[in-house]
Amino acid sequence: MKKLSELYEGEGYDNIWVKGIKINSKEVEPGDIFVCVKGVTADRHDFIEEAISKGASCVVVDRSVTCSVPMVKVKNTNEELPLLASKFYDYPEKYLDIIGITGTNGKTTVATIIQELIGDSCGYLGTNGIICSKFNESIRNTTPDSDRLYNYFRRFVDSGCKYLSMETSSEAFYRHRLDNLTFKVGIITNITEDHLNIHKTIENYVSCKKKLLMQVKDDGYSILNSDDTYFKEFEEIAKGTILTYGKNPSTLQIISSNYFIDKTDITLKYQDKLYSFSSPLLGEFNIYNLCAAILALISLGFKIEEVIEKIPNIKAPSGRVEFLKFGQDYHIILDYAHTPDAFSKIYKLLEPIKKGRIITITGSAGGREKEKRGPMGKLVLEKSDYVIFTMDDPRYEKVEDIIHDLTSTSTKTNYEMIVDRKEAIYKAFKLAKKDDIVLVAGKGIDNYMAIEDKYLPYSDLEVIKEYFNRN
């Protein structure tokens with residue numbers, strides 16, 4: 001808690017206490033500052049009265065308004081928000097070596113591996129929540145707005161974290177949530193088309209990804225995938241020392257790999273020396289994820305030998321190619337795949353290890369990226385023996401219309417539609433025979449289903465557990 005006079009100059013501000021910062025009027029509590037940021041569909045200036053009715057002690061605006069509490073006028077509320085949040089929480093970002101990870105796929109896995117390899121002195125912030133040795137909580141956005149973000153930074157610092165492994169989404173850069181941060185390490189995993197509902201073009205999407213590398217500290221490190229299509233483009237603008245990974249000649253080069261149902265054997269080359277080891281993470285894409293994480297630790301001063309020694313004992317992130325075992329004689333894989341590229345990588349992983357059929361349960365989110373549905377559905381139908389299409393955050397679209405889009409570019413008929421996701425999963429398990437692989441894709445460990453403007457409680461993992469507890 002701070003006095004308003006510690007944040008802004010104004011008459012009487014020394015007598016006003018500020019409890020927190022909010023940008024959602026529905027979440028305002030007595031004593032909060034309400035910052036009127038402007039989003040794509042809403043201008044928080046329109047909700048000032050609601051915020052005041054809930055006890056806002058002050059409002060921050062960038063246009064003239066009339067209100068009954070102290071008003072601070074700034075040039076741009078969106079730009080002001082991170083500056084205010086940083087000041088309110090006593091600049092916590094200065095006490096963290098922040099490792100930012102962006103890319104189309106692999107952000108969660110890389111960020112999780114880094115945290116696990118470093119240990120208790122490292123926090124994690126991203127799709128799976130905010131996690132450190134002192135707390136483990138879910139959050140709504142991969143990269144939250146600044147009012148929450150700097151609060152989380154403060155909590156990490158107060159919990160003894162020296163490092164923070166953080167997913168940085170392209171949308172967060174697009175919405176300027178990270179403009180005032182600098183990164184000790186910036187990692188680009190890969191680039192394929194995604195989030196074009198926001199960015200409109202692949203060029204705009206890549207431009208947002210570049211911002212991470214441009215915000216790397218001068219004495220920091222930019223870690224790049226040398227096999228990625230956009231590698232040269234990233235290399236040209238990257239700040240700090242550039243480290244690379246991939247099959248192409250790189251700082252950390254992938255020499256060979258062998259795949260099994262429960263492990264991947266890998267040989268890497270670093271500084272002209274070969275390192276061979278086993279990883280519990282499956283698939284070629286996870287070799288790339290692992291290389292990015294290894295280089296991150298090397299850049300922070302850890303020795304490669306001590307990093308590799310820990311790798312056989314790391315755990316795959318929940319909901320990322322996660323094999324679930326309940327005593328069944330077939331395989332269940334829970335994964336977050338929701339793009340053609342992600343599905344392509346999973347099926348490439350499954351091809352050499354499958355003995356039975358592949359049954360896939362999937363859908364596509366409503367209100368975004370309709371252009372990916374046809375190619376994704378076609379790929380899923382080609383690579384699966386049977387597909388059950390179902391709901392996946394339909395929002396305001398009809399599930400039946402989304403599924404029509406998914407099947408529109410394929411002539412295959414090896415599928416059915418079951419709108420209710422729980423029923424779809426149950427049906428897949430009833431169809432599964434010995435050695436089959438049931439891939440439950442799209443939601444990972446999300447704990448909600450987005451229907452219209454509501455986030456209703458839902459979890460694939462809980463549905464799966466419930467099935468085996470009842471049978």
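Two strands pair if DSSP finds at least two bridges between them; strands (E, at least two residues) and helices (H or I, at least four) are DSSP runs, numbered from the N terminus. This is a predicted model, in which local features need pLDDT of at least 70 and side-chain atom pairs count only at pLDDT 80 or more, while totals for chains, interfaces and linings use all residues. Residues are numbered from 1 along each chain as its sequence is written, and side-chain values use heavy atoms, with hydrogens and water left out.

**The sheet**

Select residues 358-362, strand β20, together with residues 437-441, strand β23: the two pair in the parallel sense over 4 bridges. Within this pair, T360 has L439 of β23 as its bridge partner.

Select F323, in strand β18. F323 is partly exposed, with a relative accessible area of 23% (buried is under 20%, exposed over 50%, partly exposed in between; 1.4 Å probe, protein chains only). Not counting residues up to four places away in sequence, F323 touches I261, L282, H331, I332 and I333 (contact means heavy atoms within 4.5 Å).

Now show the second largest pocket, with a volume of about 390 Å³. A pocket is an open set of points on a 1 Å grid over the protein atoms alone, where a 1.4 Å probe fits, with protein on both sides within 12 Å along at least five of seven lines; lining residues have an atom within 4 Å of a point. The volume is the space filled by probe spheres set on the points, which are joined across faces, edges and corners. Of its 18 lining residues, I261, L282, E322, F323 and K325 lie nearest the centre. β18 gives the most to this lining, with 3 residues.

**The cysteines**

Finally, select the cysteines. The whole structure holds 0 disulfides (pairs of cysteine sulfur atoms within 2.5 Å). C122 is in no disulfide, the nearest cysteine sulfur, that of C161, being 6.9 Å away. At 1% relative accessibility, C122 is buried.
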